[in-house]
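Here is a short briefing on a structure. Look it over first, then work through the points below.

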Amino acid sequence: MNYSKTLGLLCSILFITHPLFANPDSARDFFKGKTITYIVATNAGGGYDSYARLIARYMEKQLPDTRIVIRNMPGAGHLIGTNWLYKAKPDGLTIGTFNTGLIYSQLSGRSGIQFDLNRFDWIGKAATDTRVMVSSRENIGNLQDLRTIDQPFLSASSGIGTASHVETTLLARTLGLNIKVIPGYGGNEGEMAVLRGELHGILGSYSSLRPFVENGNGQLLWSIGEVDSETTNLLHEPSVTKNQDARALLDLIQTTSTLSRLTAAPPNTPADRLTVLREAYLAALNSPELQKEARRMRLPIVPESGDVVAAKIKRALQPSESVLQLFATASSTSVAIRSTETALGEVGEKGKRITFDHGGKSISAKVSGSRSQVFINDQKADRADLATGMQCKIDYTAEGKAEVTTMHCQP
Amino acid sequence: MPELGISLSSLTGLITSPYLMGLILLAVPLGMFFGAMPGLGGKLGIVIMIPFVFGMESTAGAVFLLAMHAVVHTGGSLTSILFGIPGTGPDAATIVDGHPLAIKGQAGRALGASLAASGFGGVIGALVMMLLLPVFRPIALNFGSGEIFLVTVLGILFIAILSGKQLIAGLIIGCLGLMCSFIGMDPLSGQERFTFGQLYLWDGLDLITAVIGLFALPEVIELLTRQTGHHARFSYGMQDTLRGMLEVLEHKWLALRTAIMGAVLGMIPGLGGDVAAWMCYGHAVQSSERPEEFGQGRIEGVIAPETANNSKEGGALLPTLFLGIPGSSGMAIMLGALIMLGIQPGPQLAFNGEHLVWTLVWALVLANLIAVVFFLVLAGPMATLTTLRSSFLAPPVTLLMITGCLLSSAYWQTLLVLLCLGGLGLILKHLDWPRAPFVIGLVLGGTAETSLNKAYTIWGWGFLLEPVALILLGLIIASLVFYLWRRTRS
């Protein structure tokens, strides 16, 4: 073995095992007399800010003689603050919190992202926010109702690319639900719109929608995870779990919902300092005083350490091919998708147009070469292979000129 | 009359409690400080104060925070009038006529009118809240995206009215403001518009920076270039302030109309806090005998937005308390603070929390009245600042201006935007073109676009045929006809 190889091996061993040599005691001394900046990637006063200010106060108790100051860096849907944190000096004196929905932004390749979530050094997460769907329409009580209604079910989202928008669009598409997502309802405007009947429902976190439901303004249609209220948990719903795409998507949404209120340090933060920060963070969140205060502020606390968060983030950023394809097609549309199982009627030249029956109406839909996905016998196929009489499950855009999004056919 | 009984017992409970009155007395100057310091504002005030009220009994904590929040705009008019720098976004409308009055040496008069209008607006806002309590739910529920769009159209029409004799110039500037409001992310497609690859511009232009650039920067440059002499021509006397206060009485119907307009506009979630002040300013111009004199120092131009600023807080409290849905961004943070104090907003509060609700209403009234007294004491020494030599005044005003911009949006690009809009402000000032239409366009453009998108996606053009929409359409047409009639007559 030559000299350079030996050196390389030694370096590799040192690199892999360096956290084992990390000395939290000396790292603890490092923080004495120093100030940690806690970046909040949104304005003062919101949920992220409340969590950060609460955690910072109790982390200070865990790190004697250390000050933690909050710095709000709002803008561009958390991107400005997160980009800044990613490039900050990795000395343990800068940490930050931002929207978990950035996982979706990274998956859909949104512009403006200058970070890789996989490379952040995670300190931990503070909460779990189980997703629920709330409906104010009395004639819609379950999933099947959403599949069969004629008029689209209008659901609120604060904007294109936000977690609720992406999740609602993709769930509707995968489960064949007649849902149309209307963006532009920031803050509590969505709830107000549901209240006055302008919209029919909203997908959001249980903790934020719970008071709305408890005030009698709507009912839970489903949840993705456990909630202390009787409703369909999509993770155990047989009609959903037999759909492979839906299972993969639900897995991603559930993982994301367990990663609420994340805190990270920039990549390459010294391991011993990271350990101190993780310990202080977890100890703060587990302290009875913080939990009492959080209960009063109605902030759910379900803490987990940074190593667990890192593993979950890694898993979330490696979804199945089908979910990745969904992200590629759902980046900006908010079109309602209709779904039906029927025999194909006429098939046009090279399968570019098909006709089929849906609820007694004859539908003529375009089959796009690039956007529509065609499967025959569960194998990806070309639209030219489609033939009259095939039994197909067809998802198509219902508005304007109909276009197939996905179709699964049997000859 | 059990309601009256509860109302009176809440009032006596409040004024006979030294603890609660002490909290209000502490909250009022704090709120005025947060308002007067450009860029800080009421929202940050609540955020900073939350740790202090934590642990307080729920009514006491709520009274303290509400009293503080209620008078933010009373304090905010100080820097708007004296230096042309808005303390908060909604105070920006006061600059258009308030600052020219200060330059003319009538700072005392403008401050007097502002403080009486603020106090009056705050009290009327609380009264409107009490009166609308039984009917506010149908009002709030009838204001959907379509109706919000029509309200913004009504506001955009004021661009023409605010342009006075220079209609074409006003329309050009108004359209420029509208265009600038479209900077950022397209709400429907998620695409970037006019952002030049800068993440900073994704959220659009910051209103405070825009107003400081357009109105304050040109004044400061004038101060700096004028080596000698005073900012204002003559000194301040208490009689000026009293004269200003009495002028609110002279314009009592305008004050009443704008107070009610402010409270109702404040009640509609999604319209935004800045809209009420500008709408009411536009209404003052529209209903004035001499609309062409606005922008040069008309006292109605101070009274209308100041009344609306304080009355809208009463209106905004209704959906916050009884629907759990905040009427403004400030109220959104207030909502969080109330929950933290153990108050659960929602319809049930009307049944089991009447005492608390009435205590809050009276706290709103008292805070506004006490703020008038504080302001009266402060107005004198503050107004004399404008009589300082320009060379003394310019550096601290420049510092205040830059601090205001950076507190509002703490990025270096803010200073670039300030310079660009300052340049525009200078050109407009030089050409004697109106600057208010730009801000109207900037304030209303985004809301107009988003609400039209939502309404059209949901109902198509059918949203124009809803009952409230038809009333608003009638108002729009009436305003237009009235404007054209007056223009042809003159």
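Is A:Lys350 buried or exposed? A:Lys350 has a relative accessibility of 55%, over the 50% cut-off, so A:Lys350 counts as exposed. The model is predicted. The points below cover chain A, some of its residues, and its interface with chain B.

**Chain A overall**

- Chain A holds 15 helices and 19 strands.
- Its C-alpha atoms fill a box of roughly 75 × 70 × 35 Å along the principal axes.
- Chain A has 411 residues, and buried residues make up 52% of them.
- Take the contacts in chain A between residues at least 6 apart in sequence: 72% of these join residues at least 24 apart.

**Strand E11 of chain A**

- Strand E11 of chain A spans residues 260-265, and six of its six residues are buried, so the strand is largely enclosed by the rest of the structure.
- E11(A) pairs with strand E4 (residues 121-127) of chain A. The pairing is antiparallel and runs over five bridges.
- Within this pairing, A:Trp122 stands opposite A:Ala264 in E11(A).
- A:Arg261 is also found in strand E11 of chain A. Its relative accessible area is 15%, under the 20% cut-off, so A:Arg261 counts as buried.

- Most residues other than glycine have a negative phi.
- A:Arg261 has a positive phi, near 55°.
- A:Lys350 also has a positive phi, near 55°.
- A:Arg261 is buried, whereas A:Lys350 is exposed.

- A:Gly204 lies in strand E8 of chain A, which covers residues 201-205.
- Its relative accessibility is 14%, so A:Gly204 counts as buried under the 20% cut-off.
- Which residues does A:Gly204 touch, leaving aside those up to four places away in sequence? They are A:Thr130, A:Arg131, A:Val132 and A:Leu209.
- A:Met133 is 71 residues from A:Gly204 along the chain, yet their C-alpha atoms are separated by 6.6 Å.

**Interface of chain B and chain A**

- On the chain B side, 42 residues are in contact with 38 residues of chain A.
- The area buried between the two chains is about 3,200 Å². Carbon and sulfur atoms give 63% of that area.
- How many salt bridges does the rule find across the interface of chain B and chain A? It finds one.
- A:Glu189 and B:Lys454 form a salt bridge, with their closest N and O atoms 3.4 Å apart.
- Four elements of chain B each give two or more residues to the side that touches chain A: helix H3 (41-53), helix H8 (136-141), helix H16 (329-340) and helix H21 (436-459).
- H21(B) gives the most to that side, with five residues.
- The residues on the side of chain B that touches chain A divide into 26 nonpolar, twelve polar and four charged.

Key: Residues are numbered from 1 along each chain as its sequence is written. Chains are lettered from A and ligands numbered from 1 in the order in which they are written. This is a predicted model: local features need pLDDT of at least 70, side-chain atom pairs count only at pLDDT 80 or more; totals for chains, interfaces and linings use all residues. Side-chain values use heavy atoms; hydrogens and water are left out. Contact means heavy atoms within 4.5 Å. Buried area is the accessible area (1.4 Å probe) that two parts lose on being put together, summed over both. A salt bridge is a side-chain nitrogen of Lys or Arg within 4 Å of a carboxyl oxygen of Asp or Glu. Ala, Val, Leu, Ile, Met, Phe, Trp, Tyr, Cys and Pro count as nonpolar, Asp, Glu, Lys and Arg as charged, and the others, Gly among them, as polar. Buried means under 20% relative accessible area, exposed over 50%, partly exposed in between (1.4 Å probe, protein chains only). Two strands pair if DSSP finds at least two bridges between them.
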